[in-house]
Amino acid sequence: MDSVFDLFLGLPVHVLVNHFVIVLMPLFSIAFILIVLFKKFRANYSLITIIGLGFALISAFKAKQSGEALSLRVGYPETHAWWGERLVIISALLFVIALVWYRLKNKNLFFSKLLGYVGILIAIAAIVITALAGHSGASASWGYKIKATNSSS
C-alpha cells in the first residue's frame with residue numbers, strides 16, 4: 001500500500017486529515033450563512049469564507065481517499081463511509097454555490113439572493129453531515145472499546 005493517502009510517519013493519513021474536515025466544514029459553513037444573511041460581514045469575510053470552503057472541500061476529498069486506504073487495513077465501516085461520501089458531494093456543492101454567489105453578491109439580483117438562501121440550506125446540511133460522518137467514524141473506531149470498559153466484571 002504505497003498510496004499517498006495511506007500512512008504518514010507511520011500513522012494513518014485519515015486520522016490526521018479528518019480533523020481538518022471536522023473543523024473547517026462547520027466553521028466555514030457557518031461563516032457562509034453569516035455573510036449571506038448579514039451584509040456587514042460580506043466585505044471583510046466573503047473571500048476568506050470561499051477560500052475556507054475550498055480547503056474544507058479538499059480536506060473532505062482527502063479524508064475520503066485516506067479512509068478508503070485505511071479501510072484496506074482495518075475493515076470497511078459502512079455507515080461512516082456512506083456519510084463520508086455524502087460529505088464530499090455536499091462540500092463540492094456548497095463550494096460551487098458559494099463561489100457563484102460570491103461572484104454575484106453585489107448585484108441586487110433575485111437569482112443571487114435565491115442562490116444565497118439555497119446555499120444556506122446546503123451549509124446546514126454540510127454541518128449535519130459532517131457531524132454524522134464524524135460520529136459514525138468515532139463510533140466505528142471507539143464504540144466497542146468503550147463498551148468493553150462499561151462491563152460490570
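## Helix α3 and its neighbours

Helix α2 passes helix α3 in a left-handed crossing, meaning the near helix is turned anticlockwise from the far one by less than a right angle (clockwise would be right-handed). This is a predicted model, where local features need pLDDT of at least 70, side-chain atom pairs count only at pLDDT 80 or more, and totals for chains, interfaces and linings use all residues. Residues are numbered from 1 along each chain as its sequence is written, and side-chain values use heavy atoms, with hydrogens and water left out.

**Overall layout**

- Going along the sequence, you get the pattern β-β-α-α-α-α.
- Along the principal axes, the C-alpha atoms fill a box of roughly 65 × 40 × 25 Å.
- Of the chain's 153 residues, 38% are buried, where buried means under 20% relative accessible area, exposed over 50%, and partly exposed in between (1.4 Å probe, protein chains only).
- Take the contacts (heavy atoms within 4.5 Å) between residues at least 6 apart in sequence: 78% of them join residues at least 24 apart.

**How the helices pack**

- The axes of α2 and α3 come within 9 Å and cross at roughly 155 degrees; axes here are lines fitted to C-alpha atoms, for helices over the stretch in contact, and angles run from 0 to 180 degrees between N-to-C directions.
- α2 and α3 are therefore roughly antiparallel to each other, going by cut-offs of under 35 degrees for roughly parallel, over 145 for roughly antiparallel, 65 to 115 for roughly perpendicular and oblique for the rest.
- On the α2 side, residues making this contact include L47, I50, L53, L57 and A60, and on the α3 side they include L87, V88, S91, L94 and W101.
- The α1 and α2 axes come within 7 Å and also cross at roughly 155 degrees, which makes α1 roughly antiparallel to α2.
- That α1/α2 crossing is left-handed.

**A closer look at α3**

- Helix α3 covers residues 78-104, 27 residues in total, and reaches 39 Å from its first C-alpha to its last. That is close to the 39 Å expected at 1.5 Å a residue, with the expected span being 1.5 Å times one less than the number of residues.
- Its buried residues include A81, G84, L87, V88, S91, L94 and A98.
- An α-helix has 3.6 residues a turn, so residues three or four places apart point the same way.
- H80 sits in α3 and counts as buried at 18% relative accessibility.
- Leaving out residues up to four places away in sequence, H80 touches H14, A133, S136 and G137.
- W82, also a residue of α3, is partly exposed, with a relative accessible area of 42%.
- From W82 to A92 is ten residues in sequence and 16 Å in space, C-alpha to C-alpha.

**The nonpolar core**

- The largest nonpolar core has 29 residues, and M25, F32, L87 and L94 have the most contacts inside it. Such a core is a set of buried Ala, Val, Leu, Ile, Met, Phe, Trp, Tyr and Cys residues joined through side-chain atoms within 4.5 Å.
- Two or more core residues come from each of α1 (13-37), α2 (39-74), α3 and α4 (110-149).
- Of these, α1 gives the largest share, eleven residues.
- L87 touches V21, M25, A60, A126, I129 and T130, again not counting residues up to four places away in sequence.

How values were computed: Helices (H or I, at least four residues) and strands (E, at least two) are DSSP runs, numbered from the N terminus.
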